[in-house]
Structures are given as C-alpha cells and as structure tokens.
Amino acid sequence: MKKWLLIAALGILVVFIGCTTIQSAQDVPRISKDELKAKLGSPDMVLIDVRTENDWEMSDEKITGAIRMDPEAVDAWPATLPKDKEIILYCA
C-alpha cells in the first residue's frame, strides 16, 4: 500500500512540474517583427539565431548582425552572453 501511495505521489509531482514548465514557456515575452526591426543595430541588444547548424547553413535568410548559437548547448550560453544587454532569440 505504501509503495502505491509513493508511486502516486511521484506521479502527481511529475505532472505538477511539467505543468509549471509549460506555464513558464507561455510567459516568455515576445516581440513583433516591427519591434525587432526597430531594435536592429542597437548596441544594447544581442540577437541570437537558435536554428540548428544544418538549418542555419542551408538558409539564405539570415538577419544581419545576428549570431548563431547552438541550441543544444544552451546551458553554456550565460557564460558567453553579456549580462547588461537585452537578449533576443529567433528561429526563422
């Protein structure tokens, strides 16, 4: 009985954590294409292209001034990005 209660509690915890993560993703601020155009060239902004390397290399459409960062290495990004600038991510 205790084993089933523990399994049920862990299941509820997993669902709760999953829902919290989903809610957080919905709260990420977004900007429009026009808002981004107005910010292009600003020294206070870093624009990051998060497409996979293959998608990025095969694309003819890249935003001038954007840097490509590996989406698989997102944990390493904070060490390389300035803390005093607005960071904008895009995927074309």
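Q: What makes strand β1 and β3 a pair, and in which direction do they run?
A: In this predicted model, five bridges join β1 (residues 45-49) to β3, and the two run parallel. At least two bridges are needed for a pair, so β1 and β3 qualify. Within this pairing, Ile 48 stands opposite Leu 89 in β3.

Q: Why are β2 and β3 called edges of the sheet?
A: The sheet is open, with three strands in the order β2-β1-β3 and parallel pairing. β2 (67-68) and β3 (86-90) each have a single partner strand, so one side of each has no neighbour in the sheet.

Q: What makes Arg 51 buried or exposed?
A: Arg 51 has a relative accessible area of 5%. Buried means under 20%, so Arg 51 is buried. This residue lies in the loop between β1 and α3 (53-58).

Q: Which residues are in contact with Arg 51, leaving aside neighbours within four places in sequence?
A: Among them are Trp 56, Ser 59, Glu 61, Lys 62, Arg 68 and Met 69. The list also includes Pro 71, Tyr 90, Cys 91 and Ala 92.

Q: How do you know that the side chain of Arg 51 makes a polar contact with the side chain of Asp 49?
A: The distance is 2.6 Å. The cut-off is 3.5 Å, so the pair meets the distance condition. A polar atom of the Arg 51 side chain also lies 3.1 Å from the backbone oxygen of Glu 61.

Q: Why is Ser 59 called buried, and where is its place?
A: Ser 59 has a relative accessible area of 16%, and the limit for buried is under 20%, so the term applies. Its place is in the loop between α3 and β2. The side chain of Ser 59 makes a polar contact with the side chain of Arg 51 at 3.0 Å. A polar atom of the Ser 59 side chain lies 2.9 Å from the backbone nitrogen of Glu 61.

Q: What makes Lys 62 count as a charge over the face of Trp 56?
A: Lys 62 lies 4.5 Å from the ring centre of Trp 56. The distance limit is within 6 Å, so this value passes, and Lys 62 lies over the face of the ring.

Q: Which residues form the largest nonpolar core?
A: This core has six residues: Val 46, Ile 48, Val 50, Met 69, Trp 77 and Leu 81. A second, separate core of five residues includes Met 45, Leu 47, Ile 88 and Tyr 90.

Q: How many aromatic pairs are there?
A: The count is zero.

Definitions and conventions. Residues numbered from 1 in each chain as written. Predicted model: local features only at pLDDT ≥ 70, side-chain atom pairs only at ≥ 80, totals over all residues. Heavy atoms only, no water. Phe/Tyr/Trp six-rings, centres within 6.5 Å; stacked < 30°, edge-to-face > 60°. Lys NZ or Arg CZ within 6 Å of the ring centre and 35° of its normal. Helix = DSSP H or I, 4+ residues; strand = E, 2+ residues; numbered from the N terminus. Core = buried A, V, L, I, M, F, W, Y, C linked by side-chain atoms within 4.5 Å. Buried < 20%, exposed > 50% of the residue type's maximum accessible area, 1.4 Å probe, protein only. Polar contact = N/O pair within 3.5 Å; in protein donor to acceptor, adjacent residues only side chain to side chain. Contact = heavy atoms within 4.5 Å.
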